[in-house]
Amino acid sequence: FGSRALSRPTGGLAWAPAMLQLLPLAVYFLSQQFLASELGVSLLAALPKGVSGWLPICLAGLTHLVVTTMQKSSAGQRTAALIGQEAPDFKITMKEKTTTLKELIADTKMPVVVDFYQNF
């Protein structure tokens, strides 16, 4: 239960979210290596001189935007699948009383919102 329920692989690019976060860094270093090659130097000749130094960081920034958008979309789909699902039962301690979530819902007969708070 917890964050692992939302981060299970679902196929496609969701298999390694941590690896996707490293993709902009890889693009930055690989583009620097490419631009230093013979083919890269010939491509840079067609660009203004001021652009060549910024090209790797711009490509990495664009990659970051694409990866972030993909991850947000994937997380939104996984979260949407949880809406309307019954919450797992667990013990709750309130003042002097210990109960379970299902007992609390049955006793109050009102909607119950559970907010998991983390103090960092």
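Student: Is S31 buried or exposed in this model?
Tutor: S31 is buried, with a relative accessible area of 8%. Please note that the model is a predicted one.

Student: What is the cut-off behind that word?
Tutor: A residue counts as buried under 20% relative accessible area, so S31 at 8% falls in that class.

Student: Where does S31 sit, and which residues does S31 touch?
Tutor: S31 belongs to helix 1, which spans residues 17-36. Leaving aside residues up to four places away in sequence, S31 touches P56 and L59.

Student: And what does the side chain of S31 reach?
Tutor: The side chain of S31 reaches the backbone oxygen of Y28, at 2.9 Å.

Student: Staying with helix 1, how exposed is L22?
Tutor: L22 is also found in helix 1, and L22 counts as partly exposed at 47% relative accessibility.

Student: Which nonpolar patch on the surface includes L22?
Tutor: L22 forms a patch with M19, L25 and F29, and together these residues have about 410 Å² of accessible area.

Student: Changing topic, how many helices and strands does the chain have?
Tutor: The chain has 4 helices and 2 strands. Along the sequence, the pattern reads α-α-α-β-β-α.

Student: How do strand 1 and strand 2 pair?
Tutor: Strand 1 (residues 91-94) and strand 2 (residues 97-100) pair in the antiparallel sense over 4 bridges. M94 stands opposite K97 of strand 2.

Student: What about K95 in that hairpin?
Tutor: The hairpin has 2 residues between the strands, and K95 takes a positive phi near 45°.

Student: How many salt bridges are there, and which side chains meet?
Tutor: The count comes to 1 salt bridge. The side chains of K97 and D107 meet there, at 3.8 Å from N to O. This pair links distant parts of the chain, with K97 in strand 2 and D107 in helix 4 (residues 101-108), 10 residues apart.

Student: Finally, what share of the whole chain is buried?
Tutor: Buried residues make up 15% of the 120 residues in the chain. The accessible surface comes to about 9,900 Å², and 65% of that surface belongs to carbon and sulfur atoms.

Student: What part of the contacts comes from residues 24 or more positions apart?
Tutor: Such residues account for 47% of the contacts in the chain with a separation of 6 or more.

Note on methods
Residues are numbered from 1 along each chain as its sequence is written. This is a predicted model: local features need pLDDT of at least 70, side-chain atom pairs count only at pLDDT 80 or more; totals for chains, interfaces and linings use all residues. Side-chain values use heavy atoms; hydrogens and water are left out. Buried means under 20% relative accessible area, exposed over 50%, partly exposed in between (1.4 Å probe, protein chains only). A polar contact is a pair of N or O atoms within 3.5 Å; within protein, one must be able to donate a hydrogen and the other to accept it, and residues adjacent in sequence count only if both atoms are side-chain atoms. Contact means heavy atoms within 4.5 Å. Two strands pair if DSSP finds at least two bridges between them. Accessible areas come from the Shrake-Rupley method with a 1.4 Å probe; for residues, only the protein chains shown count as cover. Patches are made of residues with over 30% relative accessible area and no salt bridge: like charges are joined within 9 Å, nonpolar side chains (Val, Leu, Ile, Met, Phe, Trp, Tyr) within 5 Å. A salt bridge is a side-chain nitrogen of Lys or Arg within 4 Å of a carboxyl oxygen of Asp or Glu.
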